[in-house]
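Hi,

Here is the structure I said I would pass on. Have a look, and my notes follow below.

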Amino acid sequence: MQNSRKSLQLLCTATQNLSLKCPPRQARDLVVISSRHLYVGVSQRARNRKQPPTNVSQLFKPVPVQHNVDEFDVGSELAGKLEKSAILKILNKFTQRREVKVLCTEHGLDNYLQQQAFASFRRFCIESENLPVDLHITFSDIFNGAGHVDDIFPYFIRHAKTIFPHLDCMDDLKKISDLRTPANWYPSARAITRKIVFHAGPTNSGKTYHAMERFLNAKSGVYCGPLKLLATEVFNKSNEKGTPCDLVTGEERKYGINENTPAAHVACTVEMTSVNTPYEVAVIDEIQQLKDPQRGWAWTRAFLGLIAEEVHVCGEAGSLELLEKICETTNETVEVHNYTRLTELTIEDSALVTLDNVQPGDCIVCFSKNDIYTVSREIEARGKEVAVIYGGLPPGTKLAQAAKFNDPENSCKVMVATDAIGMGLNLSIRRIIFYSLVKPSMNEKGEREIDTISVSSALQIAGRAGRFRTQWEHGYVTTFKSDDLPTLRKLLSQTPDPLKQAGLHPTADQIELYAYHLPNSTLSNLMDIFVNLCTVDDSLYFMCNIEDFKFLAEMIQHVPLPLRARYVFCCAPINRKMPFVCSMFLKIARQYSRSEPITFDFIKKNCGWPLSLPKTIVDLVHLEAVFDVMDLYLWLSYRFMDIFPEAASVRAAQAELDEIIQQGVFQITKLLKNTEANQGTANGDTTYNMRRIVQTKEPRLPSTSRGRLTDRLISQGLLTPGMLSELRKEWDAQQQALKHKEQNQDNQSKTDEFPNDSDDDDSTYNKNMRKKRRK
């Protein structure tokens with residue numbers, strides 16, 4: 001036994017120096033992230049996965065290994081032929097030895113990897129026509145009693161490292177994904193002493209106004225906004241006030257001077273922020289978006305990486321604590337300017353209850369397109385013109401609808417909108433009416449949920465009422481349903497929860513380094529491995545949700561693309577719930593892989609150009625999807641200019657499409673009626689049948705009718721209040737029908753009880769039994 005243990009120790013030592021027919025690996029450049037401050041890093045395992053693996057090793061897929069194809073069986077000539085059955089017996093004995101499993105664990109093979117490696121090694125040995133000479137001789141020695149079964153281990157571990165290349169580079173992978181000190185990723189920003197100014201306050205408090213005054217008076221500056229609309233507004237106002245300013249968004253570039261002369265001021269969306277250009281003043285708007293599960297990384301990058309003498313951040317007061325903690329890691333301090341609301345906001349004592357009570361200046365906020373369609377149709381049925389705004393509309397259409405509503409001379413005095421009005425649009429609203437307080441959302445695991453809106457969201461939306469220096473300076477807020485009013489009061493009486501963490505996201509450089517070490521892994525798999533191996537200081541940061549990125553990566557996995565291009569494609573801003581946009585994304589990726597230019601003719605051919613005015617809601621939705629496809633083309637055109645050469649033509653067509661969509665939205669009620677008529681004709685009747693497009697109002701059931709199961713189903717998004725209401729109505733209808741049927745049967749049985757005197761006791765007994773069974 002002692003000799004066996006000694007031999008195992010020798011074998012373990014020998015495997016570290018053994019290189020049998022293994023090609024030398026190239027020297028790797030290790031990415032070592034230095035840090036000034038030490039933090040206790042906590043691995044964010046499976047934060048973004050719907051079904052996280054119980055073991056990180058399960059994310060590593062074995063690399064297929066070709067069987068030995070040596071033309072000459074030198075091993076048989078030297079040591080004689082080997083029977084496959086004899087090899088199989090030796091391998092089975094080898095895999096069952098406890099000492100071998102201990103050695104595997106020391107080499108980084110856990111139970112899952114051991115099973116995969118043993119199975120692969122067994123197939124290699126059995127299915128190869130000619131084994132490698134050294135392995136053949138080792139098997140022969142063991143079979144003839146001249147060797148020990150443990151002698152196979154060096155060959156086994158060599159095979160295991162071939163199919164699992166991460167065994168040789170696990171330390172490198174962990175160093176690459178060490179995200180504990182993201183502040184050190186931006187050495188240029190750390191090389192200067194920045195002045196951080198936090199403008200804290202609610203909506204309509206003037207916080208952004210004061211930051212923008214400093215921006216306009218600076219020698220150079222950059223504005224980083226959450227939306228293209230906000231960046232465009234800053235671009236327009238800056239140039240109107242005599243401060244030349246350029247516009248940079250994912251899909252658009254505009255110039256304050258000309259294309260060859262960049263302006264000193266830039267207005268951009270936060271994702272497009274340059275962390276390489278120095279400025280005197282930088283403004284980061286809506287800083288509380290640091291916590292956003294999808295986009296939070298962009299605010300973190302801007303806050304840590306901007307090279308500016310002064311960095312002005314605007315947002316909710318709850319962001320201060322997190323900003324101060326982050327600034328401790330950068331040796332910076334935060335100067336705080338607090339603001340209060342400039343106008344009064346009153347919560348009304350009663351709910352709206354009926355749309356008959358709608359007044360000029362009202363904005364009804366819905367959280368779904370279906371409710372938008374329903375409410376706008378019902379209001380117009382009462383003879384009132386409606387402006388409609390929701391997230392899927394093009395920016396030009398939103399601005400046109402906002403201008404129509406804001407114009408005192410226009411007959412449109414009522415707006416129906418989603419929470420898209422929470423930021424990005426200047427609206428003259430007298431009263432905000434929450435049609436519902438329940439909103440679909442995405443949790444940290446990427447799962448869809450339906451829950452009450454957050455305090456932050458309620459305050460943001462309600463604060464749009466009563467804008468400073470408009471005709472409605474005193475704002476009001478209420479709900480449509482009486483049951484929701486106490487909940488709204490509770491939400492608006494609170495302050496937003498303090499921010500705890502800021503978002504991070506893997507960079508293209510980090511993923512490229514991962515791909516170098518794991519060349520056979522897919523991009524989606526690399527992202528999963530990165531998220532599971534990364535080390536994050538969870539007292540300050542979290543890994544953003546990568547489900548949308550992985551969705552696109554898996555969609556184009558079969559398309560042959562360079563890794564960098566594949567990564568860029570997967571960062572495209574696409575709504576994966578729109579099938580037409582996803583199909584066009586795939587077609588564009590295929591065309592790109594063939595190095596064929598994607599022209600305007602390609603877009604026209606696949607989108608059905610020229611487009612006509614929409615006749616139904618389905619037509620309008622399709623036009624919105626075509627607009628998104630053109631946005632995708634423009635977004636890619638700034639990243640692959642040679643392959644997307646006709647951006648100007650696409651932009652002109654998109655402007656034309658925007659006008660078509662505007663006209664469609666102006667007559668949205670007509671589109672709803674046409675959709676209803678078309679569906680009624682298809683169904684052979686004219687009844688209202690638009691459940692997938694327009695839903696009826698969803699009355700809330702009394703709390704006593706909601707059991708534990710329904711609460712869970714609603715919170716998980718599997719059941720909506722409207723569905724619950726319909727189920728209740730169907731159940732009541734069934735009960736009424738059953739009761740009516742029983743009454744008819746009882747009446748029939750009573751008339752049959754005394755038809756004549758010949759009925760005996762047995763027949764009466766049988767009838768009574770039948771009645772009991774029916775009940």
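Before the helix packing, a word on terms: contact means heavy atoms within 4.5 Å, and axes are lines fitted to C-alpha atoms, for helices over the stretch in contact, with angles running from 0 to 180 degrees between N-to-C directions. Helices (H or I, at least four residues) and strands (E, at least two) are DSSP runs numbered from the N terminus. With that in hand, helix 13 lies across strand 2, strand 8 and strand 9, and runs at about 165 degrees to strand 9.

Some housekeeping: this is a predicted model, where local features need pLDDT of at least 70, side-chain atom pairs count only at pLDDT 80 or more, and totals for chains, interfaces and linings use all residues. Residues are numbered from 1 along each chain as its sequence is written, and side-chain values use heavy atoms, with hydrogens and water left out.

Eight strands make an open, mixed sheet in the order 5-4-6-3-7-8-2-9, where two strands pair if DSSP finds at least two bridges between them. Its edges are strand 5 (253–254) and strand 9, each pairing on one side only. Helix 12 packs on the sheet too, touching strand 2 (195–200), strand 7 and strand 8 (307–315), and its direction makes about 145 degrees with that of strand 7. Strand 3 (residues 221–225) and strand 6 (residues 265–269) run parallel, joined by five bridges; Y223 has A267 as its bridge partner in strand 6.

Most residues other than glycine have a negative phi, and most peptide bonds are trans. Two non-glycine residues to look at:

- E286 has a positive phi of about 55 degrees and sits in the loop between strand 7 (278–284) and helix 12 (296–305). E286 is buried at 11% relative accessible area (buried is under 20%, exposed over 50%, partly exposed in between, with a 1.4 Å probe and protein chains only).
- N331 has a positive phi of about 60 degrees, in the loop between helix 13 (320–329) and strand 9 (334–338). N331 counts as exposed, at 54% relative accessibility.

There is also a cis peptide bond between W609 and P610, with omega about 5 degrees. P610 lies in the loop between helix 23 (600–607) and helix 24 (617–637).

Cheers
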